[in-house]
Amino acid sequence: MLAIPSSPDERLTAVRRSKFAYVYVRQSSINQVRHHQESIELQYSLVDRAVRLGWPPDRVVVIDEDLGKSGNGQVERGGFQRLIAEIGLGNAGLVVSLDASRLARNNRDWHQLLELCSLFGVVIADGERLYDPCAYHDRLLLGLSGIMSEAELHQIRIRLHQGERQKAARGELRIPLPGGLAYNRSGQIVFNPDEEVQARLRLIFDKFRELQTARRVMRYLRTHARTGAAASRAGAP
């Protein structure tokens, strides 16, 4: 449950309420988007949190372009960049996210957000309380939240890596295979059972042995693809 205070807060000034409230929604992977619907619904429900804090519904903007994108800083997040731009333009009075880890999993993005919110007087809210980046103690808590979020991601990576090493030691680790290959029921790597896929894969290797370079193989495939398309159009009724 979201803890939504009912009493007015002095940080929610008329100037801040005259601007937009931005609700930032993010999940780290497509798998989480598909299988963790409760988390996504909880994040979307933060719109009600902004409304209860005094923002009209038509001035609450949901930014959800980053669903399925990690916040570790290694992936370009268009939604986060849009949020940063809106803050920098002075359009934001409130930024709402379920927790710090949704906004960023790395200190660079997190502190960039805090600096801009402090500069433009934007309040940050999560599911429990409000934070004013201009206030020392609130900024301290926000900084710690960002550090813990990055540390949590580091621990997750360590656990995943340890799990992969254990599977590899038992001979049970399966990694994604290149196109044209597949695992059979016994776990062995074999050609894709589709005969057309097999034929095209063998064609590529045969042409590589004949032409000696990947560039020549690409030229051959492009030329014959155009020739085949033209023949298909010519034979069409």
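Predicted model: local features only at pLDDT ≥ 70, side-chain atom pairs only at ≥ 80, totals over all residues.
Residues are numbered from 1 along each chain as its sequence is written, and side-chain values use heavy atoms, with hydrogens and water left out. V197 lies in helix 9, helices (H or I, at least four residues) and strands (E, at least two) being DSSP runs numbered from the N terminus. With a relative accessibility of 30%, V197 counts as partly exposed, the classes being buried under 20% relative accessible area, exposed over 50% and partly exposed in between, for a 1.4 Å probe and protein chains only. Between V197 and L181, which are 16 residues apart in sequence, the C-alpha to C-alpha distance is 9.2 Å.

Most residues other than glycine have a negative phi. Q212, a residue other than glycine, has a positive phi near 80°, and its relative accessibility of 54% places it among the exposed residues.

The sheet is open and is formed by five strands in the order 2-1-3-4-5, with mixed pairing; two strands are taken to pair if DSSP finds at least two bridges between them. Its edges are strand 2 (60–67) and strand 5 (130–131), each of which pairs on one side only. Strand 1 (residues 20–27) and strand 3 (residues 92–96) run parallel and are joined by four bridges; in strand 3, V96 is the bridge partner of V23, and V95 is that of Y22. Strand 3 also pairs in the parallel sense with strand 4 (residues 123–125), over three bridges, and here L94 has V123 in strand 4 as its bridge partner. Strand 3 is mostly covered, with five of its five residues buried.

Helix 3 (residues 37–44) lies across strand 1 and strand 2 and runs at about 175° to strand 1, the axes being lines fitted to C-alpha atoms, for helices over the stretch in contact, with angles from 0 to 180 degrees between N-to-C directions. Helix 5 (residues 78–88) lies across strand 1, strand 2 and strand 3, at about 145° to strand 2. The buried residues of helix 5 are G79, F80, L83, I84, E86 and I87. Seen down the axis of helix 5, these residues fall within an arc of 165°, so they line one face of the helix; the arc is that of the directions from the helix axis to the C-beta atoms. The cover over these buried residues includes strand 1, strand 2, strand 3, helix 6 (100–103) and helix 7 (107–120). Helix 5 is followed by G90, which has a positive phi, near 80°.

Within helix 5, I87 is buried, with a relative accessible area of 0%. Leaving aside neighbours within four places in sequence, I87 is in contact with A92, V95, L113, L116, C117, F120 and V122. The C-alpha atoms of I87 and L116, residues 29 apart along the chain, are separated by 6.7 Å.

Two aromatic pairs are counted, under the rule that rings of Phe, Tyr and Trp (its six-membered ring) pair if their centres lie within 6.5 Å, planes under 30 degrees apart counting as stacked, over 60 as edge-to-face and the rest as tilted. F20 and Y22 form a tilted pair, at 6.2 Å centre to centre with 50° between the planes; F20 is partly exposed, with a relative accessible area of 26%, whereas Y22 is buried, at 4%. Y24 and F80 form an edge-to-face pair, at 6.3 Å centre to centre with 80° between the planes. This pair links distant parts of the chain, with Y24 in strand 1 and F80 in helix 5, 56 residues apart. Y24 is buried at 0% relative accessibility, and F80 is buried at 1%.

F80 also has R77 over its face, at 4.3 Å from the ring centre, a charge being taken to sit over a ring if NZ of Lys or CZ of Arg is within 6 Å of the ring centre and within 35 degrees of the ring normal. The charged end of R202 likewise sits over the ring of F191, 4.9 Å from its centre.

Definitions and conventions:
Contact = heavy atoms within 4.5 Å.
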